[in-house]
Each structure stands twice: as C-alpha cells, then as structure tokens.
Amino acid sequence: MPRKGGRGFSIKSKWTKTKWLLSDRNLRRFVPETKPFTIKSLKRMTGKYKMIYFKPTGGTGGGGIARIMRGPGSRYHVKKDMRSAEVNSRRALYRKLKAIAGGKSYLLQKGIKLSTCSNRPFDLRVTMQRSKRRKWVPTVMFVKLGKPGKVVTNYHQGGKLALVEPTLRRTGYNKAQVANYKKQLKKLGMETAKCFDRRSKKFNELGLDVALDRQGKLWILEVNTRPSFSALKSLNDKSLYRTIVRYGRNYGRTR
C-alpha cells in the first residue's frame, strides 16, 4: 500500500513498482527480468543468467543487496558488502540466500554489467519532480560511481556522485552520443512518470536508477518514490542540489 507523507505518496515495494513498469508497453523492454525470491525462481534465474542480484523488496540506499555469480559446474559465488562466499550447489545457494534475507521479502534480478569510468562501475539517476502546475519535469541527472569492491553504486555504500556529461565522455562516448543518452534518459523519466500517474496522481517525485550496460543499452534498475537528495551536496557544482530543492518547494519538501 502507498505511504502518505509530506512529499506525496511513496511506494516501498520494489516488486510493486517493477510490476507497474512491466505492465507498460513503452517501458517493459528497459526492465531486467525480475522475480520474487523462491526456490523455483532461483532455479530459473541461475539457469538463465550468469550474474544475478539479490535485492530486498523494501530496501533503501543499497543495503542488503548481494550479487550471485554462476561458476563452473554447480558452484556459485555470493558477494554482499565486502564479504564473499562460495557454495557448491543450488540448494546450498538457496540456504545461503535465505540466511541473508533473514525472513524478509527479496527479489532476484538479472545482473547488468555496468559501464565503468576509471575502473569504477556506475549507473545514472534521473530525478522527476512536479512543477507548480503539477506537471512532471526531469529536473536533474547525475552519475553514481561505485566504490571499488562493492556490489552497488549507492552513495551511502561508499559510492561517489559525478556529473553525467564528463563521466560519459571519459567512458568513451562523444558529444553527440552523450546528448542522445541525456535525451533518452529524460524520455524514460517522462514515460515512467506517466506510468506511475496511472496508479496515483499523488506522487510528487521519482528517482530512476538507470544502468548503462557495456553494449550501450539503458536499463531501469528500480524507481524510488522517496529519493534522497542530500548526497548532491557532495558535488562541487551545487546547481543540481539547488534545482532539486527549488522544485521540492512546490510540494512541501524543503531539503
């Protein structure tokens, strides 16, 4: 169920939001295969993909996420935070993941090999906010550079924020390609806002976490309905933080 707050409605369940995206014909091709964690879905996902992410259905800030890599034979490598473990069967993998979950609901998601900049994997954040007239506006975009050795890119997990254009240029994309990606990201943001609007008109802000894989394809990893803004203060360029706060005032968010 939606949670109501000063910023509008918030949906905590990643599975609920993923199902919304999958129901949208314009967005479903941008969503990596995602399934609720069961022994059956684990068998399917490990049989289909070499890399899978194990994510708490209601988690925030990248906490509780593990990465599963399929090795030779029936071996699997599980990494969470800076700790790793090897298991020798799918049944042992299931037991390991159940222990990590600790009784909480989890999802399995196809792993995306992220593009890297200076050997740091990154994904992109697109922030959508309401204008004074309640129209959706793609207000800011930025990059989340992962901490080396971590399985997630989140700032609160040791990641670092950076600007989109210089990051993509250092990754090897030319000016025209960067402009095209920025255009695509804004379009994804608008399509996602429309999708969420069909569920409720009370959402005020959305934060899309978008992966750019090593073949150049964009993937929506998840959508945050209560995105954190404070990490933007870490950028030397404070204009992004000022923009996000200015729009936030339209619906009662002041920081």
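## Around Tyr-247

Let's start with one residue and its surroundings. Setting aside neighbours within four places in sequence, Tyr-247 is in contact with Gln-129, Arg-130, Ser-131, Val-137 and Thr-139. Keep in mind that this is a predicted model. Tyr-247 itself belongs to helix H6, which covers residues 239-248.

Lys-182 lies 65 residues away along the chain, and the C-alpha atoms of Lys-182 and Tyr-247 are 20 Å apart.

Thr-139 sits in strand E11, made of residues 136-145. With a relative accessible area of 15%, Thr-139 counts as buried, because the cut-off for buried is under 20%.

Not counting residues up to four places away in sequence, Thr-139 touches Thr-127, Gln-129, Thr-243, Ile-244 and Tyr-247. With Gln-129 there is also a polar contact, side chain to side chain, at 2.6 Å.

## Where H1 meets H5

Now for a pair of helices. Two packed helices are described by the angle between their axes and the distance between the axes. For helix H1 (residues 14-22) and helix H5 (residues 175-197), the axes come within 10 Å and cross at roughly 110 degrees. H1 is therefore roughly perpendicular to H5, because angles of 65 to 115 degrees count that way.

Which residues in H1 and H5 meet? From H1 come Lys-17, Trp-20 and Leu-21, and from H5 come Thr-192, Cys-195 and Phe-196. The residues of this contact of H1 with H5 divide into four nonpolar, one polar and one charged.

Technical notes: Residues numbered from 1 in each chain as written. Predicted model: local features only at pLDDT ≥ 70, side-chain atom pairs only at ≥ 80, totals over all residues. Heavy atoms only, no water. Helix = DSSP H or I, 4+ residues; strand = E, 2+ residues; numbered from the N terminus. Contact = heavy atoms within 4.5 Å. Axes fitted to C-alpha atoms, helices over the stretch in contact; angles between N-to-C directions. Parallel < 35°, antiparallel > 145°, perpendicular 65-115°, else oblique. Nonpolar A, V, L, I, M, F, W, Y, C, P; charged D, E, K, R; others polar. Buried < 20%, exposed > 50% of the residue type's maximum accessible area, 1.4 Å probe, protein only. Polar contact = N/O pair within 3.5 Å; in protein donor to acceptor, adjacent residues only side chain to side chain.
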